[in-house]
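Welcome, and please open the structure in your viewer. We will take a short walk through it, one selection at a time.

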Amino acid sequence: MSSGAVSADSGWDPDEHVRFARYRRAFDEVAPVDAVALVARVLTVPDKGMANSAVCEYLDRRAAELLADPGYPSWYLEMAGAVVVDDFSTRRLNEWTLLRAMTLDESWAAKSLLAASNWLQLRAAEKSSAVTVLEVLAESGRTRRIRNIAKSRLSAAQRSIPAGPKH
């Protein structure tokens, strides 16, 4: 193992894992100003599954950091141009933007949430405290798990809403 060799019967391709680790390190170390170029370069490699996994891991980390930051819209526009060649990465970036709108109580459409991936619906059900988001997911979330989490969190969110003035 110290020579980097892996036995043939270990069941995985060491080259792919080495490349993925190299991309992860590059994304960990990339300066924000160079991130778009790195994303674009990674998405040109022949192994599309590895490429979009590495890019989406970076998008997830960076979008979470910028979610409520005023710099998110410009970051989104830069990244949208870079990921346009990869449907999976484009969808993930757009879902982060929907999550941002729901988090900041900006305009968003229930049909967009219901058309979103299980990943986004589950994340919203687990993390959102917005009653409207939880109501949509409790009623029509894609999986039983998403609906149950949303229902449970909806009850808690509704209890935390202060009662209006009594007349």
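The stops below go from the core to one helix and then to a pocket. Keep in mind that this is a predicted model.

**Stop 1: the core.** Start by selecting Val39 and Trp75. In the largest nonpolar core, which has 43 residues, these two touch the most other members. Now colour the helices that give two or more residues to this core: α1 (14–29), α2 (35–42), α3 (48–66), α4 (72–83), α5 (87–103), α7 (118–127), α8 (131–140) and α9 (144–159). Which element gives the most to this core? That is α3, with eight residues.

**Stop 2: around Trp75.** Zoom in on Trp75 and set aside its neighbours within four places in sequence. The residues in contact with Trp75 are then Tyr58, Leu59, Arg62, Ala63, Leu66 and Leu93.

**Stop 3: one face of α2.** Go back to Val39 and show the helix α2. Buried residues here are Ala35, Leu38, Val39 and Val42. Turn the view until you look down the axis of α2: its buried residues fall within an arc of 100 degrees, so they line one face of the helix. An α-helix has 3.6 residues a turn, so residues three or four places apart point the same way.

**Stop 4: the largest pocket.** Select Leu67, Leu99, Met102, Thr103, Arg123, Ala124, Lys127, Ser128, Ser129, Ala130 and Val133, which line the largest pocket. This pocket holds about 160 Å³ of space. Both α5 and α7 supply at least two residues of its lining. Colour the lining by type and you will find six nonpolar, three polar and two charged residues.

Conventions:
Residues are numbered from 1 along each chain as its sequence is written. This is a predicted model: local features need pLDDT of at least 70, side-chain atom pairs count only at pLDDT 80 or more; totals for chains, interfaces and linings use all residues. Side-chain values use heavy atoms; hydrogens and water are left out. A nonpolar core is a set of buried Ala, Val, Leu, Ile, Met, Phe, Trp, Tyr and Cys residues joined through side-chain atoms within 4.5 Å. Buried means under 20% relative accessible area, exposed over 50%, partly exposed in between (1.4 Å probe, protein chains only). Helices (H or I, at least four residues) and strands (E, at least two) are DSSP runs, numbered from the N terminus. Contact means heavy atoms within 4.5 Å. On a 1 Å grid over the protein atoms alone, a cavity is a set of points where a 1.4 Å probe fits but cannot get out, and a pocket is an open set with protein on both sides within 12 Å along at least five of seven lines; lining residues have an atom within 4 Å of a point. Grid points are joined across faces, edges and corners, and a volume is the space filled by probe spheres set on the points. Ala, Val, Leu, Ile, Met, Phe, Trp, Tyr, Cys and Pro count as nonpolar, Asp, Glu, Lys and Arg as charged, and the others, Gly among them, as polar. The arc is that of the directions from the helix axis to the C-beta atoms.
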